[in-house]
Amino acid sequence: MMEIETSAQLPLVGVKVLDLSAYIAGPYGCALLGDMGADVIKVEPPEGDNLRKYPSTLPAESRAFLGINRNKRGLCLNLKDEAGYEVLVRLVREADVLVHNFRPGVPERLRIDFATLAAINPRLIYCAMTGYGAAGPMARHAGYDQVLQSMTGMCAAQAKPDGPPEVLYGSVVDYYGAALISNSVSAALYQREKTGRGQAIEVSLLGSALAMQSARLVWAEGEPRRIERDMRSGGITGIHPTREGHLYISANTPHFWRALCDHLDLQDLADHPDYDTVKKRAAQAAVLIPLVREALARASAREWAERFGQSVPCAEVRPVEDMFDHPQVEAMGFMRPYHSEKAGNYLGLAQWAQFGGAAAQDEASAGAVRAAPGLGEHSRTILSALGYTTSEIDQLLHTSVVQ
């Protein structure tokens with residue numbers, strides 16, 4: 001398997017992370033830490049992360065698992081066995097961070113709660129990702145992305161006028177929760193540099209779903225409870241059909257509105273007093289949108305995007321597959337080659353931020369990156385680094401404490 005020569009420019013080189021989480025939010029939060037140079041060990045139970053079993057058009061592997069678990073080593077460990085628990089204790093002694101997404105109460109049963117592990121390693125940063133938080137009437141409920149979307153108003157806000165609520169596909173709450181894990185852990189590591197002490201962190205899907213909607217969650221004194229809370233500018237801004245394909249246009253500023261009118265040969269609208277603000281254009285959408293769409297029908301979405309260039313913010317509506325070889329994506333080096341024993345060679349997302357400038361980024365890009373691990377792929381090498389002898393490792397494998 002291809003593995004990265006980790007660049008010293010990456011900020012989390014030398015940080016050791018234990019990922020005991022499953023599904024998306026916790027594992028992807030750990031992948032983001034791995035992208036920044038951390039050494040991440042994915043610790044899975046004998047049955048593996050449930051995401052491995054999700055439907056996939058790949059014949060031998062879950063596409064979701066591959067995309068969410070890059071830059072990790074894999075250890076398959078039975079924590080319910082005393083010998084397996086001792087392996088985890090050894091890992092914790094050397095770790096900087098542990099992330100899990102067990103429901104409240106489970107860590108105590110498994111003896112992996114913060115109080116227990118902090119006694120073993122007082123410098124440990126301990127991050128729990130929960131559905132609803134550790135307190136309150138829903139603390140022990142199972143939390144999932146679209147459950148939280150529905151609960152927190154996201155599906156209702158996504159609905160079209162007079163239409164039913166709609167889910168935002170793409171696990172947006174999970175991915176935002178992952179970003180909050182990465183952010184919180186990084187902040188705790190920084191604080192540990194000043195204090196020398198670890199700490200417990202709690203991130204929840206409920207908190208993530210609310211944080212995503214902070215612009216909606218403002219309730220002024222005297223306002224009614226139910227009121228329009230969205231920031232949609234309306235009017236021209238949005239997706240429009242063209243002769244071929246669809247085009248998203250954003251023309252909220254006077255400069256962009258005027259440029260759009262020039263391109264569409266609608267110059268009479270540019271400075272018309274009925275349309276000279278975003279608010280007025282939204283109010284006159286029934287008048288303006290037919291005129292804009294009639295003009296857009298003269299060319300394809302791709303042709304309009306090329307004509308608009310930098311003068312009007314826009315994008316041809318494309319399928320995600322077009323990102324594999326999009327020139328801007330290639331220029332930024334966002335995609336990298338991977339190799340998996342089951343999936344073979346494939347392209348996937350890699351570095352999403354640049355650290356240390358372009359030269360350092362080029363250095364980091366020179367190596368390959370680590371694909372998502374197979375179940376227990378690195379168990380032997382991890383145990384060996386912990387001081388287990390070959391015969392001890394063979395015994396752990398023989399008794400299925402480790403796979």
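In this predicted model, the lining of the second largest pocket divides into 18 nonpolar, five polar and three charged residues. The space in this second largest pocket comes to about 850 Å³. A total of 26 residues line the second largest pocket, and those nearest its centre are Arg63, Gly67, Phe324, Gly348 and Leu349. Helix H2 (63-68), strand E10 (335-340) and strand E11 (344-349) each give at least two residues to the lining of the second largest pocket.

About 1100 Å³ of space lies within the largest pocket, and 40 residues line it. Nearest the centre of the largest pocket lie Ala22, Tyr23, Asn50, Asn101 and Phe102. Sorted by class, the lining residues of the largest pocket are 21 nonpolar, 11 polar and eight charged. At least two lining residues of the largest pocket come from each of H1, strand E2 (39-44), helix H4 (106-110) and strand E5 (125-130). With three residues, H4 supplies the largest share of the lining of the largest pocket.

Helix H1 also takes part in a helix packing. H1 (residues 25-35) packs with helix H8 (residues 172-195) at an angle of about 50°, and the two axes are 7 Å apart. At that angle, H1 is therefore oblique to H8. The crossing in which H1 passes H8 is right-handed. On the H1 side, the contact is made by Ala25, Gly26, Tyr28, Gly29, Leu32 and Leu33. On the H8 side, the contact is made by Asp174, Tyr175, Ala178, Ala179, Ile181, Ser182, Val185 and Ser186. By class, nine nonpolar, four polar and one charged residues make up the contact of H1 with H8.

Where empty space is left is shown by rolling a probe the size of a water molecule over the atoms. How many cavities of 30 Å³ or more does the count come to? The count comes to one cavity of 30 Å³ or more. The largest cavity holds about 40 Å³ of space. Its lining consists of Gly234, Gly235, Ile236, Thr237, Ala251, Asn252, Val278 and Arg281. By class, three nonpolar, four polar and one charged residues line the largest cavity.

Notes: Residues are numbered from 1 along each chain as its sequence is written. This is a predicted model: local features need pLDDT of at least 70, side-chain atom pairs count only at pLDDT 80 or more; totals for chains, interfaces and linings use all residues. Side-chain values use heavy atoms; hydrogens and water are left out. Axes are lines fitted to C-alpha atoms, for helices over the stretch in contact, and angles run from 0 to 180 degrees between N-to-C directions. Helices (H or I, at least four residues) and strands (E, at least two) are DSSP runs, numbered from the N terminus. Angles under 35 degrees count as roughly parallel, over 145 as roughly antiparallel, 65 to 115 as roughly perpendicular and the rest as oblique. A crossing is left-handed if the near helix is turned anticlockwise from the far one by less than a right angle, and right-handed if clockwise. Contact means heavy atoms within 4.5 Å. Ala, Val, Leu, Ile, Met, Phe, Trp, Tyr, Cys and Pro count as nonpolar, Asp, Glu, Lys and Arg as charged, and the others, Gly among them, as polar. On a 1 Å grid over the protein atoms alone, a cavity is a set of points where a 1.4 Å probe fits but cannot get out, and a pocket is an open set with protein on both sides within 12 Å along at least five of seven lines; lining residues have an atom within 4 Å of a point. Grid points are joined across faces, edges and corners, and a volume is the space filled by probe spheres set on the points.
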